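Take a look at the model below. This report walks through some of its parts, one at a time.

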Amino acid sequence: MARLRETPSQTAGPYVHIGMVPTFAGVENTYPEDLGSGPLYSDGVKGEKITIKGRIFDGAGAPIRDACVEIWQADADGLYNSPAERRGLSDRHFKGWGRAAVSGDNGVYVFETIVPGKVPLGDGRVQAPHIAFWIVARGINVGLHTRMYFPQESEANAVDPVLNRIEHPTRRATLIAEREGNVYTFDIRLQGDGETVFLDV
Amino acid sequence: MRNDPGDARPFIPRDLALHPAAFDPGYKTSVLRSPRQALISFQNTPTEITGPMFGHDTIGPLDHDLTRNWAQPGLSAIGERIIVHGRLMDGEGRPVPDALIEIWQTNAGGRYRHVRDTYVAPLDPNFGGCGRTLTREDGSYAFMTVRPGAYPWPNRANDWRPAHIHFSVFGHGFAQRLITQMYFEGDPSIPLCPIVGTVPDAEGIAMMTATLDMDATVPFDARAWRFDIVLRGRRSTPFENRPEGN
Ligand SMILES: [Fe+3]
């Protein structure tokens, strides 16, 4: 069967907020609330509640202030909130997906979520707990995929199949968040020194 | 056959040659925002194969109608009334149902309702500029809106964006996530635009260009523009009831 080619990507541009977080953009009251805003969990969620925050730096080392970030992750048992999740039903108190604009003042994004469980691949290999990130902004022509991993999971990280695709240990470290209690900082560097590893998913 | 949201087969690797390069000096903002290292490739895992989906209770009755979803009751946005519609498909040509599409655009004068847009063209008090909908069983979708205006932007000294509508599209897997822009057939600004020009070939630009669709036009009300969108398709795997490679 003939395949159709994918529609090409285009930059989200500087006004991405109007479409994806309209209340943030000042287009209030079109929708009741911005989709993906607020905690990824509701009362009764299983797992350890955490805050993830960080900034996205450009090649000159400046935080960018017009990006939009989405995250996608498994619940505490490693199950995704998706019809394609075949291993069981995920926690009904956990959405698994969040969206945030970075601050227009200091470029910080924030998510309130939980620590995900490990995700087995079905062939004996197991993925370390991780959170998928997708970043769009003016100047980014194709949305950038990356992942955040947890520093306290060094054993699981050591055998994670995706981390092990990265040849240089210093580059692998760009995907490990910094932890202070239940607050994790995950900064993303688009280019240059300490450039974050981005994924061809 | 439609696309099943419960399908757990991996996606065909993205052909990055069909997409803009991260670094394109013609689009100056990309210079400092483009990774220089190679992307790391790996087989899709459940993280990429699964993705968020949204229920019909997410969508309000006017969310798809930008002429009215910001307007005072009984009033409507100013501009040329248009219907933008099409089908969301995957690389195998199968419809993608129940997928969220979000759009945003300028008003008819080329001005965004955004705190950072300082273009001299006036805001329209009855136009916000965003809409969203879920694709139907057959992958089809439709928006009612006004034709957006062209606007100048700081890149080279005199760059103008052709009239366009931004599209954010979810498929069924997080790996299918796509943002693109829709242009209007016949707009002489299309070949002049450095952002359009980030797309490497004419076929790709044609895919982003909606065509006038008189069959879907509502007489004495609104002309229709057709814009089909293709997301990545899934691989055949030995788990299907047919030999690999079909
Ligand atoms: Fe635009």
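## A cavity lined by both chains

Strand β9 (144–149) of chain A and helix α1 (46–49) of chain B each supply at least two residues to the lining of the largest cavity. Helices (H or I, at least four residues) and strands (E, at least two) are DSSP runs, numbered from the N terminus. β9(A) gives the largest share of this lining, three residues. The lining consists of A132(A), H145(A), T146(A), R147(A), L199(A), V201(A), T47(B), E48(B), F174(B) and A175(B). The space inside is about 60 Å³.

What counts as a cavity here? On a 1 Å grid over the protein atoms alone, it is a set of points where a 1.4 Å probe fits but cannot get out; a pocket is an open set with protein on both sides within 12 Å along at least five of seven lines; lining residues have an atom within 4 Å of a point. Grid points are joined across faces, edges and corners, and a volume is the space filled by probe spheres set on the points. Counting cavities of 30 Å³ or more gives two.

## How to read the model

The model is predicted: local features need pLDDT of at least 70, side-chain atom pairs count only at pLDDT 80 or more, and totals for chains, interfaces and linings use all residues. Residues are numbered from 1 along each chain as its sequence is written, chains are lettered from A and ligands numbered from 1 in the order in which they are written, and side-chain values use heavy atoms, with hydrogens and water left out.

## The second largest pocket

This pocket has a volume of about 480 Å³. Its lining has 25 residues, and the closest to its centre are P14(A), Y15(A), R138(A), R116(B) and P154(B). Strand β6 (residues 151–153) of chain B makes the largest share of the lining, with three residues.

## A covered strand

Now turn to strand β3 (residues 100–104) of chain B. Five of its five residues are buried. Buried means under 20% relative accessible area, exposed over 50%, and partly exposed in between (1.4 Å probe, protein chains only). L100(B), E102(B) and W104(B) point one way from β3(B), while I101(B) and I103(B) point the other way.

Which strands pair with β3(B)? Two strands pair if DSSP finds at least two bridges between them. Strand β4 (residues 130–134) of chain B runs antiparallel to β3(B), and five bridges join them. Here I101(B) has T133(B) as its bridge partner. Strand β8 (residues 164–169) of chain B also pairs with β3(B) in the antiparallel sense, over four bridges. There, I103(B) is partnered by F167(B).

L134(B) belongs to strand β4 of chain B. Its relative accessibility is 7%, so L134(B) counts as buried. L134(B) touches F54(B), G55(B), H56(B), I59(B), D98(B), A99(B) and L100(B), leaving out residues up to four places away in sequence. Such a contact means heavy atoms within 4.5 Å. H56(B) is 78 residues from L134(B) along the chain, yet their C-alpha atoms are separated by 7.3 Å.

## The iron site

Which residues coordinate the iron ion? They are Y112(B) (OH), Y151(B) (OH), H164(B) (NE2) and H166(B) (NE2), at 1.9 to 2.2 Å. Donors are N, O and S atoms within 2.8 Å of the metal (3.2 Å for Na, K and Ca); water is not among the atoms, so sites may look incomplete. Along the chain, the donors follow the spacing Y-x38-Y-x12-H-x1-H. Y112(B) lies in the loop between β3 and β4 of chain B and H166(B) in strand β8 of chain B, so this pair ties together parts that are 54 residues apart in sequence. Y112(B) is buried at 0% relative accessibility, and H166(B) is buried at 2%.

Which residues have a positive phi although they are not glycines? D98(B) is one, at about 55 degrees. F220(B) is another, at about 65 degrees.

D98(B) sits in the loop between β2 (81–90) and β3 of chain B. D98(B) is partly exposed, at 22% relative accessible area. F220(B) sits in the loop between β10 (209–212) and β11 (223–226) of chain B. F220(B) is exposed, at 92%.
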